[in-house]
Amino acid sequence: MKEQHLKWAAVFLRFGFGLLLIFSSYSKIIHPWEFSIDIENYRIVGEGISRLVAVWLPYLELILAILLITGIWINAAVVINYLLMQLFFLLVLQAYIRRLDINCGCFNPGGDATIGLLKIIENILFLGLSVVLLIIHFKHYQSKKII
Amino acid sequence: MIHKKLLIRIICIVFFSLFAGIVVNQIHPHGIPFRLLVLSFKANSHQKGWNPISADSSYVYYLQNKAYFYDIRSQEQYSLDHLKGARSLPFYEFIDHPDAFNLPEKESIIILYDFEQNSTKAPIMIQQFENMGYQQVFFLRNGYVEWLEYGFPIEKGGR
C-alpha cells in the first residue's frame, strides 16, 4: 500500500514539475533577449555566459519537462531537475542577500517582479519537492523499475 | 555501471538542449542569433559601454545639435510620437540586420531611447553599436517617458 502511495506521489511530482518547467520555459523561449538581461542582472556571469544560458536553459527546461512527463530517461531527468532547483534556489538566495533589486527571470523575463522573501520561500518549496522526488524515485520506486 | 549510464544521459540532455537552443534561436524572429552569441564572448562586458544619460543632458545635446537620437521602439510606436528629430531604429530589425540602417559616422554621439527606464534592450543595442566601432553611445536613462514629462519637443508620424 505504501509503495503504491509513493509511486503515485512520484508520478504526481513528475507531472507537477513537468508542467511547471513547460510554463517557465515558454516565456523564456519567446523572449530570449529579456531573459539574458535578467541573468546578467544577477551579476554573477558576464554577458557572453548570460546569453549562452538564455539560449540553452529554456530548452533544457522544456526537454526536462518532456522527459519527466513521459518517463523517458527518468533517472537522469530527476537528477537534473534536482540540480536545477538547487541552482535556482542559490541564485535567488544570493540575490536576496545582496539586496539586488532585479527581476528573477523565473517565469516572466523582463518583468517587474523583484526578488523578495516570497520568492525565496517559493524556491525552497520547489527545492524541497525536487528532493522528495529524488528520494522517492531512487530509494523506492526506481528499485522496481530499471532505467 | 548505472552511474556511468546516468552520467552519459545527463550529458546528452545538456548538450542536446544547447544544440536545440542554438538552432531554434537562429530561426526565432526575436531570437539570439549565433553570430551575436559569439560576438558577446569576444566583446567586453557591456558595463564598459553602459552610458546612461539624463533627459536634461540629452536635451543639451539636442539643442546643440550634437547628437543623433534613435528610437529603439517598434515602428508603430515611433509613428505615434517620438523625440523631435529622432530616427527609428527598431530593436529586433537592428539586431538582425545592423548593416541595413543608414547610420552616422563612427565618431558621432548617439543617444538611444526606449519608452521606459530600465530597458532590457538598450544594453544589447549599445553593445551592437560598440561592435560596429562606435565609441560614444548613450542611453536615455529614464526613457522617453521622462522626456515627455519634461515637456521637451516631440513630433508625430514619420518613419
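Predicted model: local features only at pLDDT ≥ 70, side-chain atom pairs only at ≥ 80, totals over all residues.
What covers the buried residues of α3(B)?

1. Helix α3 of chain B runs over residues 55-64, and its buried residues are B:A55, B:S58 and B:Y62. These residues lie on the same side of α3(B), because the arc they cover around the axis is only 60 degrees. The cover over them includes β1 (52-53), β2 (67-71), β5 (109-113), β6 (136-140) and α7 (143-149) of chain B. The other side of α3(B) carries the exposed residues B:D56, B:V60, B:L63 and B:Q64. After α3(B) comes B:N65, with a positive phi near 55 degrees.

2. Chain B as a whole contains seven helices and seven strands. Read from the N terminus, their order is α-α-β-α-β-α-β-β-α-β-α-β-α-β. Of the contacts in chain B with a separation of 6 or more, 72% join residues 24 or more positions apart.

3. The dimensions of chain B deserve a look. Its C-alpha trace spans about 75 × 30 × 30 Å along the principal axes. The radius of gyration of chain B is 20 Å, whereas a compact globule of 159 residues would have one near 15 Å. Buried residues account for 31% of the 159 residues in this chain.

4. Next, the contact between the chains. Chain A contributes 24 residues and chain B contributes 26 residues. On the side of chain A that touches chain B, α2 (32-40), α3 (47-70) and α4 (74-97) of chain A each supply at least two residues.

5. Helix α2(A) is largely enclosed by the rest of the structure, because nine of its nine residues are buried. Among them are the nonpolar A:W33, A:F35, A:I37 and A:I39, but also the charged A:E34, A:D38 and A:E40. The buried residues of α2(A) also include A:P32 and A:S36.

6. The largest nonpolar core has 65 residues. Those with the most contacts inside it come from chain A, as A:L64 and A:A77, and from chain B, as B:I72, B:L112, B:Y113, B:M125 and B:L140. Helix α3(A) gives the most to this core, with 13 residues. Leaving aside residues up to four places away in sequence, A:A77 touches A:L64, A:L67 and A:L68. As background, nonpolar side chains tend to be buried together in soluble globular proteins.

7. Most residues other than glycine have a negative phi. A:W73, in the loop between α3 and α4 of chain A, has a positive phi near 50 degrees. A:R99, in the loop between α4 and α5 (117-141) of chain A, has a positive phi of about 55 degrees. Are these residues buried or exposed? A:W73 counts as buried because it has 21 C-beta neighbours inside 10 Å, and the cut-off for buried is 20 or more. A:R99 counts as exposed because it has 7 such neighbours inside 10 Å, and the cut-off for exposed is 12 or fewer.

Key: Residues numbered from 1 in each chain as written. Chains lettered and ligands numbered in written order. Contact = placed C-beta atoms within 7 Å. Helix = DSSP H or I, 4+ residues; strand = E, 2+ residues; numbered from the N terminus. Rg over C-alpha atoms; globule rule 2.2 N^0.38 Å. Core = buried A, V, L, I, M, F, W, Y, C linked by C-beta atoms within 7 Å. Arc of directions from axis to C-beta.
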